[in-house]
Amino acid sequence: MSKSSKSKPLQFTSEFEKLEKNKVKLTITISPEGFREGLVKAYNKNKHYFDLPGFRKGKAPRKMIEQMYGREVFHEDAINFILPEAYEQSLEQHNIDPVYKPEEIEPGPMSEATGAIFYVQVYVRPEVTIDGYHGLTYPKMETEATEADIQDALRAEQEKNARQISVERAAETGDIVTINFTGYADGEAFEGGSGQDFDLTLGSNQFIPGFEDQLVGRNVGDDVKVEVTFPEDYSHETLAGKPATFEVEILDVKAKELPEIDDDFADEVSKFSNLAEYKEDLSKSITERKTSQLESTKRSHLARQLAQLAVMEVPEVMYTARQDEMWESFTRQIQSYGMDVESYLRFSNMTEEVMRASWMEQNKFEVDSQLALEAVAAKEAMEVNEEEFRQHLKEMTNFEEDALDKFIESITPPRRRDMERDILCKKALDVVADKAVAVDEPMTTPVTPISAPVSGDEDVIEGEAEEVPNE
């Protein structure tokens with residue numbers, strides 16, 4: 001157990017002790033002066049809520065309010081004023097790096113005469129040991145563009161430039177049918193099960209299993225009763241496992257008309273006037289992409305091995321913290337598309353719990369691999385100098401020198417530690433990658449950073465039709 005010096009005269013002192021499993025306990029003692037300062041702030045914040053006889057509202061003295069409502073009436077808000085700052089400064093004094101918000105905060109005795117005591121338990125980064133990270137292997141991968149690659153790219157561009165034309169025949173798989181539909185379960189129409197002028201590509205599996213198949217072979221003007229059963233694991237419990245009937249009206253059947261891949265096509269979709277030059281440019285782009293993909297796959301393959309090599313006991317709250325970060329990032333991204341999260345989840349037949357669960361593997365990989373890379377950096381005695389830190393921020397922000405200086409001054413110590421960790425992890429992975437060996441081995445599915453999933457159906461995203469919940 002160690003004792004700190006006071007960061008502010010007569011405000012607080014703190015001491016800490018290590019507990020089991022990467023947890024520490026802080027004992028924070030707020031001085032009487034500090035506690036009284038918090039009470040004054042709490043009183044000023046809340047005094048206008050109190051209406052005492054003989055006093056205008058908001059003018060009653062603190063002592064009178066405490067006599068009427070109890071001495072502890074302002075304690076909670078006083079704690080909220082003084083404890084966060086004392087907690088943050090205590091972490092900095094003892095060089096404690098928490099991985100999540102406090103696990104437990106237990107108040108001790110408190111009064112104006114003696115001050116206040118708080119006991120805070122918090123998880124910290126685990127100790128990690130690692131060996132054997134030189135000479136790791138990764139799968140070989142060809143980076144030169146093949147003729148098949150080029151043809152695939154041409155077909156993709158052909159699909160992008162396809163026209164949709166109405167046809168006078170029965171609908172086939174791959175066609176786009178425009179429909180009105182209403183769904184019924186137990187004889188009642190259910191929420192989210194109807195739409196007007198909805199474009200559905202048959203075979204896209206956008207709707208629940210069996211729905212699209214029953215529209216194949218139908219013609220414009222047909223009224224179709226589609227009989228389906230919702231999956232047992234359907235996220236809306238009221239419909240899970242239930243049979244349902246959809247009344248569907250076929251309004252239009254459209255087929256894709258693909259352009260010919262020739263010189264005119266190249267001139268239309270690219271900056272080149274003939275197909276040969278366009279294919280040559282595609283070859284260069286594909287080679288660059290495959291080279292970049294090889295490097296990304298190599299690094300994630302090595303990071304996965306490092307996570308398996310590391311000996312550590314990771315606090316579960318580290319994964320929780322990462323999940324929270326991912327959820328906040330997802331929320332911001334969805335909002336950037338002009339949607340609210342609740343609408344997106346409803347249209348995607350998802351819940352927050354299901355989405356978080358789908359991220360868990362990636363989440364654990366990112367936490368474990370970062371800890372492993374930090375251990376490599378420590379073992380290699382790596383450091384981040386000021387020039388490296390500035391260059392890292394410059395690449396992130398594109399700030400010029402004056403703006404960069406101001407930005408660096410605004411960075412809090414915890415945020416700077418996180419940034420320096422990122423730099424150290426990159427340097428560590430550079431060393432591991434430099435000593436890695438390419439071998440002929442099966443390619444595993446690379447783990448890649450998660451981004452918020454966004455539906456490809458713009459009609460549904462923009463809310464032009466209510467999408468029937470899919471699987």
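Rings of Phe, Tyr and Trp, the last by its six-membered ring, count as a pair if their centres lie within 6.5 Å. The legends below describe close-up views of a predicted model.

**View A. Ring pairs link seven named phenylalanines into a cluster: Phe-181, Phe-190, Phe-198, Phe-207, Phe-211, Phe-230 and Phe-246.** A search of the whole structure finds 16 aromatic pairs. One of them joins Phe-207 and Phe-211. Their ring centres are 4.8 Å apart, and the planes make an angle of 70 degrees. Planes over 60 degrees apart count as edge-to-face, so this pair falls in that class. Both Phe-207 and Phe-211 are buried.

**View B. Phe-330 and Trp-359 form an edge-to-face pair.** The centres lie 5.8 Å apart, with 65 degrees between the planes. This pair links distant parts of the chain. Phe-330 belongs to helix 7 (residues 316–336), while Trp-359 belongs to helix 9 (residues 352–379). The two residues are 29 residues apart.

**View C. Helix 7 packs its buried residues against strand 5, helix 8 (341–347) and helix 9.** The buried residues of helix 7 include Val-317, Met-318, Tyr-319 and Ala-321. Further along the helix, Gln-323, Met-326, Trp-327, Phe-330, Thr-331 and Ile-334 are also buried. Helix 7 has 21 residues, which at 1.5 Å a residue should span 30 Å. Its end C-alpha atoms are 31 Å apart, in agreement with that value. Just after the helix comes Gly-338, with a positive phi of about 85 degrees.

**View D. Strand 4 (residues 104–111) and strand 5 (residues 115–123) run antiparallel.** Six bridges join them. The two strands form a hairpin, with three residues between them. Across the pair, Glu-106 stands opposite Tyr-119 of strand 5.

**View E. Strand 8 (residues 176–185) is mostly covered.** Eight of its ten residues are buried. Strand 8 pairs with strand 9 (residues 188–201) and with strand 11 (residues 243–257). Eight bridges join strand 8 to strand 9, and the two run antiparallel. Here Tyr-184 stands opposite Ala-189. Strands 8 and 9 form a hairpin with two residues between them. In that turn, Asp-186 has a positive phi of about 55 degrees. The pairing of strand 8 with strand 11 is also antiparallel, over nine bridges. Thr-182 has Glu-247 of strand 11 as its bridge partner. In a regular strand, side chains alternate between the two faces of the sheet.

**View F. Helix 4 (residues 147–160) lines up its buried residues on one face.** The buried residues are Ile-150, Leu-154, Glu-157 and Gln-158. The 14 residues of helix 4 should span 20 Å at 1.5 Å a residue. The end C-alpha atoms are 20 Å apart, which agrees.

**View G. Lys-290 sits in helix 6.** What counts this lysine as buried? Its relative accessibility is 12%, and buried means under 20%. The side chain of Lys-290 makes a polar contact with the side chain of Asp-149, at 3.0 Å. A polar atom of the Lys-290 side chain also lies 3.2 Å from the backbone oxygen of Glu-144. Beyond its neighbours within four places in sequence, Lys-290 is in contact with Met-141, Glu-142, Thr-143, Glu-144 and Asp-149.

**View H. Ser-273 lies in the loop between helix 5 (263–269) and helix 6 (275–309).** Its relative accessibility is 49%, so Ser-273 counts as partly exposed. Leaving out residues up to four places away in sequence, Ser-273 touches Asp-263 and Asp-267. Val-216 is 57 residues from Ser-273 along the chain, and their C-alpha atoms are separated by 40 Å.

Technical notes
Residues are numbered from 1 along each chain as its sequence is written. This is a predicted model: local features need pLDDT of at least 70, side-chain atom pairs count only at pLDDT 80 or more; totals for chains, interfaces and linings use all residues. Side-chain values use heavy atoms; hydrogens and water are left out. Two strands pair if DSSP finds at least two bridges between them. Helices (H or I, at least four residues) and strands (E, at least two) are DSSP runs, numbered from the N terminus. Buried means under 20% relative accessible area, exposed over 50%, partly exposed in between (1.4 Å probe, protein chains only). Contact means heavy atoms within 4.5 Å. A polar contact is a pair of N or O atoms within 3.5 Å; within protein, one must be able to donate a hydrogen and the other to accept it, and residues adjacent in sequence count only if both atoms are side-chain atoms. The expected span of a helix is 1.5 Å times one less than its number of residues. The arc is that of the directions from the helix axis to the C-beta atoms. Rings of Phe, Tyr and Trp (its six-membered ring) pair if their centres lie within 6.5 Å; planes under 30 degrees apart count as stacked, over 60 as edge-to-face and the rest as tilted.
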